[in-house]
Amino acid sequence: MELTFRLCERNDKEFNYKNVVWNLDQQIDVDDFLDMTTFPFEKAGWVEAADNEAGYQLCANDKFKGKTRLLYLLVVGGKVLKGGKVKGTLRNRSYKAGTEHSWNMTGKASPTNYVYSQIFRECVKNNEPVEFYLYECPRQIMRYPTSQGGFAEVEVAPYEEMESTLNAHLKEVLGHNPIGDGDLELEYKELGV
């Protein structure tokens with residue numbers, strides 16, 4: 001299976017697109033990885049068309065709608081493109097900052113946000129489902145001293161550390177990084193870097 005989408009060079013004010021192809025044949029099926037991981041991911045998110053600057057929105061089912069500090073598997077065509085984390089809600093994940101304007105006209109979008117936004121826009125246009133498998137990381141209340149004296153509390157979750165173990169596990173299983181991790185702008189990509 002191939003995932004094809006279009007990219008421009010950063011600050012390309014003329015919108016000169018090149019086709020980018022990711023061959024997903026060497027990527028792991030999400031169902032196979034779910035059998036291997038101890039994280040209890042649930043198919044709970046998706047991308048849908050939206051009338052906004054990004055052209056799409058990330059959605060979560062009712063169980064995960066307001067949840068924060070999440071791990072996710074980003075899946076297209078049943079294949080895991082990458083593992084990731086989000087501090088806030090899935091809907092507010094910063095991918096949407098990768099608008100055509102912010103990449104081509106101002107150059108302010110990150111390559112990750114632009115590339116994934118292009119993938120999402122192309123998948124929406126072609127009715128190709130983009131799925132997010134989600135897991136809410138465990139959290140606890142931590143008490144800490146304040147400068148004025150006394151104590152305050154904050155809720156903490158090891159979502160960054162857990163994302164590291166998730167991606168190390170994906171790399172171990174695949175024998176390489178997932179395709180959606182590193183060198184995202186290559187014109188043809190079969191394996192992760």
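Ala49 stands opposite Tyr56 in β4. The partner strand in this stretch is β3, residues 42–49, which pairs with β4 in the antiparallel sense over five bridges. The model is a predicted one.

## The sheet and its helices

β3 and β4 belong to an open sheet of five strands. The order is β4-β3-β7-β5-β6, with antiparallel pairing. Two strands sit at the edges: β4 (56–60) and β6 (79–86), each pairing on one side only. On average, neighbouring strands of this sheet are turned by 25° against each other, direction ignored.

Helix α3, residues 111–125, packs on the sheet. α3 touches β3, β4, β5 (70–76), β6 and β7 (130–136). The direction of α3 makes about 85° with that of β4. Helix α4, residues 159–174, packs on the sheet too, touching β5, β6 and β7. Its direction makes about 165° with that of β6.

## Aromatic pairs

The structure holds twelve aromatic pairs. One of them joins Phe39 and Tyr135; another joins Tyr95 and Tyr116. The table gives the geometry of both.

| Pair | Centre to centre | Angle between planes | Class |
|---|---|---|---|
| Phe39 – Tyr135 | 5.3 Å | 20° | stacked |
| Tyr95 – Tyr116 | 5.3 Å | 40° | tilted |

Phe39 lies in the loop between α1 (30–36) and β3, and Tyr135 lies in strand β7, so this pair ties together parts that are 96 residues apart in sequence. Both Phe39 and Tyr135 are buried.

Why does the pair of Tyr95 and Tyr116 count as tilted? The planes of Tyr95 and Tyr116 stand at 40°, so the pair is tilted; planes under 30 degrees apart would count as stacked, and over 60 as edge-to-face. Tyr95 is in the loop between β6 and α2 (100–104), whereas Tyr116 is in helix α3, so the pair ties together parts that are 21 residues apart in sequence. Both Tyr95 and Tyr116 are buried.

Ring pairs also build a cluster. Its members are Phe5, Trp22, Tyr56, Tyr72, Tyr95, Tyr116, Phe120 and Phe132. The charged end of Arg93 sits over the ring of Tyr95, 3.8 Å from its centre. The charged end of Lys189 sits over the ring of Trp22, 5.3 Å from its centre.

## Nonpolar cores

The largest nonpolar core has 35 residues. Which of these residues touch the most other members? They are Leu3, Trp22, Tyr95, Tyr116, Ile119, Phe120 and Phe132. At least two residues of this core come from each of β1, β2, β3, β4, β5, β6, α3 and β7. Helix α3 supplies the largest share, six residues.

Phe120 shows how the parts meet. Not counting residues up to four places away in sequence, Phe120 touches Val47, Tyr56, Leu58, Leu74, Tyr95, Val130 and Phe132. A second, separate core has 18 residues, including Phe41, Leu73, Val80 and Cys137.

## Loop residues

Ala54 is found in the loop between β3 and β4. Is Ala54 buried or exposed? Its relative accessible area is 5%, so Ala54 is buried. Leaving aside neighbours within four places in sequence, Ala54 is in contact with Lys96, Thr99 and Arg121.

The loop between β1 (2–7) and β2 (18–23) holds Asn11. Phe15 is found in the loop between β1 and β2 as well. Most residues other than glycine have a negative phi. Asn11 has a positive phi of about 65° although it is not a glycine. For Phe15, also not a glycine, phi is positive at about 55°. Asn11 has 38% relative accessibility, so it counts as partly exposed. Phe15 is partly exposed too, with a relative accessible area of 30%.

Notes: Residues are numbered from 1 along each chain as its sequence is written. This is a predicted model: local features need pLDDT of at least 70, side-chain atom pairs count only at pLDDT 80 or more; totals for chains, interfaces and linings use all residues. Side-chain values use heavy atoms; hydrogens and water are left out. Two strands pair if DSSP finds at least two bridges between them. Helices (H or I, at least four residues) and strands (E, at least two) are DSSP runs, numbered from the N terminus. Axes are lines fitted to C-alpha atoms, for helices over the stretch in contact, and angles run from 0 to 180 degrees between N-to-C directions. Contact means heavy atoms within 4.5 Å. Rings of Phe, Tyr and Trp (its six-membered ring) pair if their centres lie within 6.5 Å; planes under 30 degrees apart count as stacked, over 60 as edge-to-face and the rest as tilted. Buried means under 20% relative accessible area, exposed over 50%, partly exposed in between (1.4 Å probe, protein chains only). A charge sits over a ring if NZ of Lys or CZ of Arg is within 6 Å of the ring centre and within 35 degrees of the ring normal. A nonpolar core is a set of buried Ala, Val, Leu, Ile, Met, Phe, Trp, Tyr and Cys residues joined through side-chain atoms within 4.5 Å.
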